[in-house]
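Hello! Here are some short notes to read beside the model.

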Amino acid sequence: MGVTKRDRTGRIATRARRAWAIVAIQVVAAAYFLIDGIADIVAEARHGITAEVATECLIAAALVLGVVMGARHAQSLMREARRADHVSRAARGAMSALIEDQFRAWDLSRAEAEVALFILKGCSIAEIAQMRAAAEGTVRSQLSQVYEKAGVRNQAALLAVFIDPLLDPLLPPN
């Protein structure tokens with residue numbers, strides 16, 4: 001039906017593992033070039049360091065700097081993902097509270113609220129009937145009660161009751 005919390009958490013975790021795997025590969029490469037550069041400096045210290053060895057060491061240092069910057073960037077992305085997940089959870093909680101409050105204001109029965117929630121999620125009458133182990137006629141009857149109590153005529157209008165207030169601030173002023 002939609003993306004679940006487990007799906008989002010799994011994707012974030014997968015992205016984090018990939019980012020840290022890239023950093024680990026960079027660490028190995030940087031360590032190799034750094035050790036090679038130090039070995040070259042030690043070997044050539046008696047005769048003077050050549051431009052080639054100095055360049056290799058400079059590149060190794062740049063690679064180490066890139067690894068540090070990459071690791072910091074990966075940490076920053078992970079913090080940002082955690083913040084976004086936190087905001088998303090808060091918004092979902094606020095939306096749930098808004099829906100529950102509106103259902104109470106309409107004085108929906110438990111069954112009507114269940115049907116209304118499934119309709120808001122985009123389920124068909126047949127799907128709702130199957131999930132609730134009820135006859136389609138029962139679901140239709142409960143849904144017509146929901147529409148009547150909400151003062152709407154169809155699924156789109158019911159959804160608009162909850163979506164319009166969220167979109168109003170995005171509309172340009174008249």
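1. Valine 42 counts as exposed because its relative accessibility is 58% (exposed means over 50%, buried under 20%, partly exposed in between, with a 1.4 Å probe and protein chains only). Helix H1, residues 5-44, holds valine 42; helices are DSSP runs of H or I with at least four residues, numbered from the N terminus.

2. A word on the source: this is a predicted model, where local features need pLDDT of at least 70, side-chain atom pairs count only at pLDDT 80 or more, and totals for chains, interfaces and linings use all residues. Residues are numbered from 1 along each chain as its sequence is written, and side-chain values use heavy atoms, without hydrogens and water.

3. Valine 67, in helix H2, is buried, with a relative accessible area of 10%. Between valine 67 and alanine 30 there are 7.7 Å in space, C-alpha to C-alpha, and 37 residues in sequence.

4. Now the largest pocket, which has about 400 Å³ of space. Its lining has 14 residues, with Met95, Ser96, Ile99, Leu117 and Leu120 nearest the centre. Helix H2 (51-105), helix H3 (110-120) and helix H6 (155-167) are the elements that give two or more residues to this lining, and H2 has the largest share, seven residues. (A pocket is an open set of points on a 1 Å grid over the protein atoms alone, where a 1.4 Å probe fits, with protein on both sides within 12 Å along at least five of seven lines; lining residues have an atom within 4 Å of a point. The volume is the space filled by probe spheres set on the points, which are joined across faces, edges and corners.)
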